[in-house]
Amino acid sequence: MSRQKFSPGALRLAKIAKKDIEARERYVRDVVKRWKFDTVAVHGLYSVEEALRFNQGAVVEPIFMSSSQGYYSADHMEAGLGYLVPNWCYSRIANPSLYYLEATMALIEGYGCDDLTDCCTFSSGMAAIVSAIEPFLTRRECGEKLNFVATCQVYGGTFQQFAERQQKDKGIEWRCIIDSTDPDEWRRNIDGNTRFLYGELPSNPGQAFFDLDAVTALAHEHGIPMIVDSTVATPALLRPLARGADIVVQSVTKSLASSGFGIAGALISRRNIVTNVRVPGMKENFAQWVKFLPGRDNGPNLSPMQAILSLNDIRTLRPRMDRLSRSAQRVAEFLESHPRVASVNYLGLKDNPLHALARKYMVLVDSEHDTGTKENRYGHLLSFCVDGSPKDTRDFFDALDRIWRATDLGRIKSVATIPAISTHSQQGEEGRKMAKIQPTMVRLCVGGEHPDDIIADLDQALRRIGSPKKKRAFPTFAAGGGAALA
Ligand SMILES: *Cc1c(COP(=O)(O)O)cnc(C)c1O
């Protein structure tokens, strides 16, 4: 990865370390990649041997609250900072706690891939997205007008990143796909200056879905990578890398870490991605290249504390997504039959136009080992439109008792949002129209409460539309606000 000249001592250490690296890879290929999903999610690469060798035998991966590591000698330091031997140098670059999270994320997102996968974690999902796309949007030849092709139905923050930060600030064209189910629209937008294709599967909040296999084939036909934001599905329900996509980004903040202690993101890539950008090392192991070079220089690193908090939630991802998806299905069916609801957007509903397509992709991992058949699950995010005005929508929203009003999702607690006035307010009316975000739309992420109680809360709130408001305690204003920006 470097053209540096190393001392004989550093090179000697590199030779010794090579055996360690090979043994680790053998352990991944011969042992860990043969486990079922739940076993991988629970243990990752943290074994008894690893615990006794490095961590005083601790059963749970330790939180390494240390800014840097010490070295035995000048040779060791030189080899470490030259990336010749496994080491973590400095917590902006790497850290053992991050390593354990990254190993688990690479393994569960790569579950079902023949080859190895790698992960780099970030301080947020947005940092993961920016770090995944920017390497393809640099090294512009003189006069070359770069573009990327991405669905317009994306998370509000991603919309801003593409429209404001990339397009407006840097002049990189975002070719926006309006109907992502139309392969011709994708094809028409790609040309010699396109650097990648990008899509969210399913999209937040609109539940847009596209034929990943077809779009990935199109990307590869043009020599460019397919990047997928798979936050809403999580690797328990969909694993784009196993279907040939090159890079997956995750907001680990969301369903992956449902307890909601903090923000985190991840980028996972397969080996030898398809790309027309020629930078040494980038193609072979994209996630590792991002971690050790642009990651080191830009500093979007995750904290060790948050890494282990997130990791702890990920262990129970599959049973959690199973249960939450089944509750969401019940809630969606209830809303569909409610007279005050105009429409429900949930991929699990049979009359959803994208149901057949989603059925092909959204499957509870390893469900065939439980029941003998592959079971479809569609996640716990849904959206619906109140039958009425934007004011009626606010009335309903204000009347919710148990369900939280917050701009969050993936929580073990049910959370509702009005996207037009929150997550998708910045993109303006035109941007919302394009992304099909109506002013009466409510996004609901169904939590781990009993579905009967969630349904009861929705029902009483829908019944209160047009009635006088419930009396609530006067709000206090939290510290550290963004009032100066508003
Ligand atoms: C929340 C979210 C993001 C951004 O993640 P943060 O962790 O909030 O930075 C990206 N994509 C999707 C689909 C999301 O829901």
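Predicted model: local features only at pLDDT ≥ 70, side-chain atom pairs only at ≥ 80, totals over all residues.
## Basis

Local features require pLDDT of at least 70 and side-chain atom pairs pLDDT 80 or more, while totals for chains, interfaces and linings use all residues. Residues are numbered from 1 along each chain as its sequence is written, and side-chain values use heavy atoms, without hydrogens and water.

## Packing of α1 and α4

Helix α1 (residues 8-30) packs against helix α4 (residues 74-81) at an angle of about 65°, their axes being 8 Å apart. Helices are DSSP runs of H or I with at least four residues, and strands are runs of E with at least two, numbered from the N terminus. Axes are lines fitted to C-alpha atoms, for helices over the stretch in contact, and angles run from 0 to 180 degrees between N-to-C directions. The two helices α1 and α4 are therefore roughly perpendicular (65 to 115 degrees).

In contact (heavy atoms within 4.5 Å), Gly9, Ala10, Arg12 and Leu13 of α1 meet Asp75, His76, Glu78 and Ala79 of α4. By class, three of these residues are nonpolar, two polar and three charged (Ala, Val, Leu, Ile, Met, Phe, Trp, Tyr, Cys and Pro count as nonpolar, Asp, Glu, Lys and Arg as charged, and the others, Gly among them, as polar).

## Lining of the cavities

β1 gives the largest share of the lining of the largest cavity, three residues.

How values were computed. Parallel < 35°, antiparallel > 145°, perpendicular 65-115°, else oblique.
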